[in-house]
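Dear colleague,

I am passing this structure on to you, and my notes on it follow below. Please read them alongside the sequence and the model.

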Amino acid sequence: MLKIKNLHAQVGDTQILQGLNLEVGPGEVHAIMGPNGSGKSTLASVLSGRESYEVTDGSVDFDGVDLLEMDASDRAREGLFLAFQYPVEIPGVSNMNFMKAAINGKRAHQGLDPIKGTDFLQKVKDCASLVELDGRLRDRSVNEGFSGGEKKRNEIFQMAMLEPKLAVLDETDSGLDIDALRVVSQGVNAMRNSDRSFIVITHYQRLLDHIVPDYVHVLSEGKIVKSGGKELALELEEKGYDWI
Amino acid sequence: MSQTEEDKLLNEVTGKSYEFGFTTDIESDTIAPGLNEDVIREISAKKNEPEWMLEWRLAAFKIWSEMEEPEWAHLEYPKPDLQAISYYSAPKKKTELKSLDEVDPELRKTMEKLGISLEEQKRLSGVAVDFVMDSVSVATSFKDKLAELGVIFCSLSEAIQEHPELVKKYIGTVVPQRDNYYAALNSAVFTDGSFCYIPKGVRCPMELSTYFRINEAGTGQFERTLLIADEGSYVSYLEGCTAPQRDENQLHAAVVEIVSLDDAEVKYSTVQNWYPGDEKGKGGVYNFVTKRGICYKRSKISWTQVETGSAVTWKYPSCILKGDDSIGEFFSVAVTNNMQQADTGTKMIHLGKRSRSTIISKGISAGNSQNSYRGLVKIHPGATNARNFSVCDSLLMSSTCGAHTFPYIEASNPTAKIEHEATTSKIGEDQIFYCQQRGIDEEEAIGLIVKGYAKEVLNKLPMEFAVEAQKLLTISLEGSVG
Amino acid sequence: MTGSKESFISNFKAPENSRGLRSQGDQYLVDLPVPGRRSERWKYSPISKLLNTSLNTCSGEGVVWPEEILPDPVPFLDSYRLVFRNGHYVSSLSDMPIDDDVICMPLSEVGAEFTNDYHKREWVGAMNAAYHQDGLFLKVSKNVSLDRPVVIHHLTDGADIAALPRHYIELEEGAGAEVVVWSSASEKSSGMCNGILEANVSSNAYLRVDKICNEAGEIFKFSHEYIKQERDSRVKINTFTIKGHWVRNELEIVANGPGTDSTFNGAYLPTGTEHVDNHTVMDHAYPNGTSSELYRGIMYDKSTGVFNGKVFVRKDAQQTNAFQQNSNIVADKGATINAKPELEIYADDVKCSHGCTVGQFDKEALFYLKSRGIGSDEAKALLVKAYVGDVISSVDREEVRNEILRLYSERHGWA
Ligand SMILES: Nc1ncnc2c1ncn2[C@@H]1O[C@H](COP(=O)(O)OP(=O)(O)OP(=O)(O)O)[C@@H](O)[C@H]1O
Ligand SMILES: [Mg+2]
């Protein structure tokens, strides 16, 4: 599904990723942990094609295509989804219009006609109930005036709407109360299947209690420095990163 | 964004030629260029006007001759040569039309190209259209239906003939002849325009609409609109403008006067996409317009405008809030691209007690354009408990454009409450990336964000216009981020 | 022939120094128009009334300092002091810094080069260029911070006076200085005080200016500051009009290098028929500049306030952050505020905003105070004090702050 080889990336003159390797198979859930500033969000940004990040070496293969060759919207249309650590507000653009544009962008890419109004509405209903997204939030502008937790919930709602092949969740758990954490995790779990993979970036074991990972990696100074099974997360929680 | 991509995108926009740039081949009756008393007499005579109208024009001409063209707007342009313009141009085959089928086929084609074929309008949308083609109204529809309610909707020339008492009573009462240079000029030479009267207590059941086009080469357009909403009435009026693509600058100096009597409400919406000139700033329309309304007791005037066209725009739709509890509103989206210059805004003059006004202005500048908001909020000593709220935002889409804000606030009453806010910011790269990550490409993302930014204003437009306005926004801006 | 621009200056006499500037001034006095209602910059502050008077410049001889005014306007401040009366330096009342790294002397004793062209743009400026009398010359060497603030005290005293001070401050790289510009006038005074202050603030230097106008009598006051800032320099200018018959404060800050920081604040509380005009221009021409501006005013009785704040962000001034806020209260029937905040922006990656309000005292707050047994006037005074206090608190020196507060309190009956 995803093969990252020797990835080097920089912002401005600062080298942030320094030879990162990672393989994610279909249906797998990988957790990435690591100290603040180690490069976790950078990895997410590089994978999704943010322009200010420059890849200086390495390759990323996504289901047989060269991910780094594509621009951000094409990566998304190919099935890569990023749940942002800090979702952006877009005043005046309704969540619904936004999702419609996104879905139709993907459908056009696949050579399909725009989605039918009734199908779209049905889908919205299903996905919103999945993450218990308040009806009023659906009709408001994208993330505008949403609380931190509501923004995260909206990210998972969008993920459900877009049905990606690979979803990267960047600290989707931070800022969530216990109930919201449960709801969001349930949403993610409901979407787990044998074809869909996840990369879950987090600082906390408590998320991994809900979304149980197949593998846990530790990212430090732009590299994966340790990998293991789900026990690794527990160990990290107990001993801290210094232990590695 | 990388430099090459930027260039590519810029090329795409600048390469997009003006969609409505075609001219119609209709024989016109045009008088020789130049301006003097005789020309005014000739215009008046051709239109078979009564003596008082001619006197009024001549008075205006005298005032105008003593005035100087204003300098203060944040605009730079070569002053148009007013002696090189022909002040009258009417399609020649003007006969009394019994039905739309009698309209000149060429003209019909023009209308169809504009997307406002009358039959269609008539059949589908219930919009009565007064189509002004180079100053003379050639066809109106729905007259009968409106007549039943006592609504008068016709060309101003016709009103001068048929309803002289109304015209005489109100013309120049809101925009006097000496108001400003271009208003004075218009008062002297206006050729036609729309006239609208809504009787007491009548809610006009349909949106009244006029499309203006500047067609004849080298003719200035000096239309004049007079709209009177009698006590307790309501009307929503739409004005749309397009102009064919020509190299020389065309002058458009219109006057719109609105009288909103006690308890009346007038909504006046404009979508303006006159030819803006090419990407080098060659050609395009000079749009110097005076629009003003007066509100009597408890009445309301609401101006909504989407301005995407013209090479140079100078326009301040205003409200004189004379009556107690009167309300003035101004909602504006002004887009400038390439070499366009716009200096637009509003004046809210508070005279009445508890008068209220709201100003929402959204400027979008791209390319090498200059976009200014200029506004005045004036609270007179007698306007106890007057309120104003203004928001003027500017969005910058390139590093070579300019966005400026010049609000004037004059308050002489201790109970006045005025709040003015203005912000200027760049279109957010984070927002664009967020959209892209959801599979929306850059062009579309910009369109979405800009429409979102302007939404507060677009929402004020009647349905028929909102769609067109959104399209215009997208057309004027596609790919212009950089 | 009173009222003409020639007659107005016909009795003015100038000292002999800085001939070049004076002759330029003479020329521009002829060329430039007198500010009037038709000029955008002066439409709210026309000066035709002043022009109808006949004023005289005076010589510096035979000075009698009036008893009711202290030569030292901020008594508790440990400072240097330069005292001027009707434009002339009064050495007996002054106390100048003596230091190898600091040059401080009356301007008349130095041939200083001014860089601004105000006298070429404004008739009022040309008048100062042609007829200026004296002022402060201050130069602080590289990386030296002046140990005490310098107080410039200008007194206008007498009838039909024309006083034209001119000050010049030069801070070398990394230098620092604090200046208090204080102007007073005695009760019976009338005429005009037309002053200019120019400061060049080199890279990484800092300048603080507190300008206070507390003039009795009937003086037309023009006061123009031109501040040029080089890379990474900081300036902070506070302008307080405590009392003044007709006051026009102009502040122009030009950021002439990247990374500059400019803070400027002001307060004006005119009463009676006073007229106070604050014109500010912030010109960002280089990247990464920051500016922040707060002006607050209350117009009492039949007074008039004017605020005009202009912010330019030029083409190359990317990443500029410019913030401007102007709030006004029209307190009485007959009072007027004319405000015009302006943004002119030619760069795209910037954050700029301005806000301008006209309003009343917060009724809720007033009610709250009254409900705690505080009388209506007292409650209002408390609110006013808090409102203006936000501006006063930006003055760094406690002694200056206290004196400003004391004078406002005395004038407006704040407890
Ligand atoms: N746009 C940028 N410009 C400059 N430095 C950046 C930029 N983005 C990230 N960095 C730097 O790169 C490093 C890695 O940042 P990143 O956001 O990837 O860390 P993270 O592992 O996600 O941290 P956290 O756990 O706090 O979210 C940090 O030192 C950060 O300051
Ligand atoms: Mg992160």
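**The sheet with β5(A)**

In chain A, D61(A) has D66(A) of β5(A) standing opposite it. Before going further, please note that this is a predicted model, in which local features need pLDDT of at least 70 and side-chain atom pairs count only at pLDDT 80 or more, while totals for chains, interfaces and linings use all residues. Residues are numbered from 1 along each chain as its sequence is written, chains are lettered from A and ligands numbered from 1 in the order in which they are written, and side-chain values use heavy atoms, with hydrogens and water left out.

Strand β4 of chain A, residues 53–62, runs antiparallel to β5(A) and is joined to it by 2 bridges; strands are DSSP runs of E with at least two residues, helices are runs of H or I with at least four, and both are numbered from the N terminus. Two strands are said to pair if DSSP finds at least two bridges between them. These strands belong to an open, antiparallel sheet of 4 strands in chain A, with the order β2-β1-β4-β5. Its edge strands are β2 (14–24) and β5 (65–66), each of which pairs on one side only.

Helix α1 of chain A (residues 40–48) lies across β1 (2–11), β2 and β4, and runs at about 105 degrees to β1(A). Contact here means heavy atoms within 4.5 Å, and axes are lines fitted to C-alpha atoms, for helices over the stretch in contact, with angles from 0 to 180 degrees between N-to-C directions.

**Ligand 1**

Helix α1(A) also gives the largest share of the shell around ligand 1, namely 3 residues. The ligand is surrounded by 14 residues, the closest being G37(A), K40(A), S41(A), T42(A) and H203(A), where a residue is near if one of its heavy atoms lies within 4 Å. The shell divides into 4 nonpolar, 8 polar and 2 charged residues; Ala, Val, Leu, Ile, Met, Phe, Trp, Tyr, Cys and Pro count as nonpolar, Asp, Glu, Lys and Arg as charged, and the others, Gly among them, as polar.

An oxygen atom of ligand 1 lies 2.8 Å from a polar side-chain atom of K40(A), and for H203(A) the corresponding distance to an oxygen atom of the ligand is 2.7 Å. In the side chain of T42(A), an N or O atom is 2.5 Å from an oxygen atom of ligand 1. Taken alone, ligand 1 exposes 630 Å², of which the protein buries 62% (accessible areas by the Shrake-Rupley method with a 1.4 Å probe).

**The mixed sheet of chain A**

A further open sheet in chain A has 6 strands in the order β6-β9-β10-β3-β11-β12, with mixed pairing. Because β6 (80–83) and β12 (223–228) stand at its edges with a single partner strand each, one side of each is left without a neighbour in the sheet. From one strand to the next, the twist averages 20 degrees.

Strand β11 (residues 215–220) runs antiparallel to β12(A), to which 5 bridges join it, and L219(A) stands opposite I224(A). Helix α9 of chain A (residues 231–239) lies across β3 (29–33), β11 and β12, at about 45 degrees to β11(A).

With best regards

Note on methods:
Polar contact = N/O pair within 3.5 Å; in protein donor to acceptor, adjacent residues only side chain to side chain.
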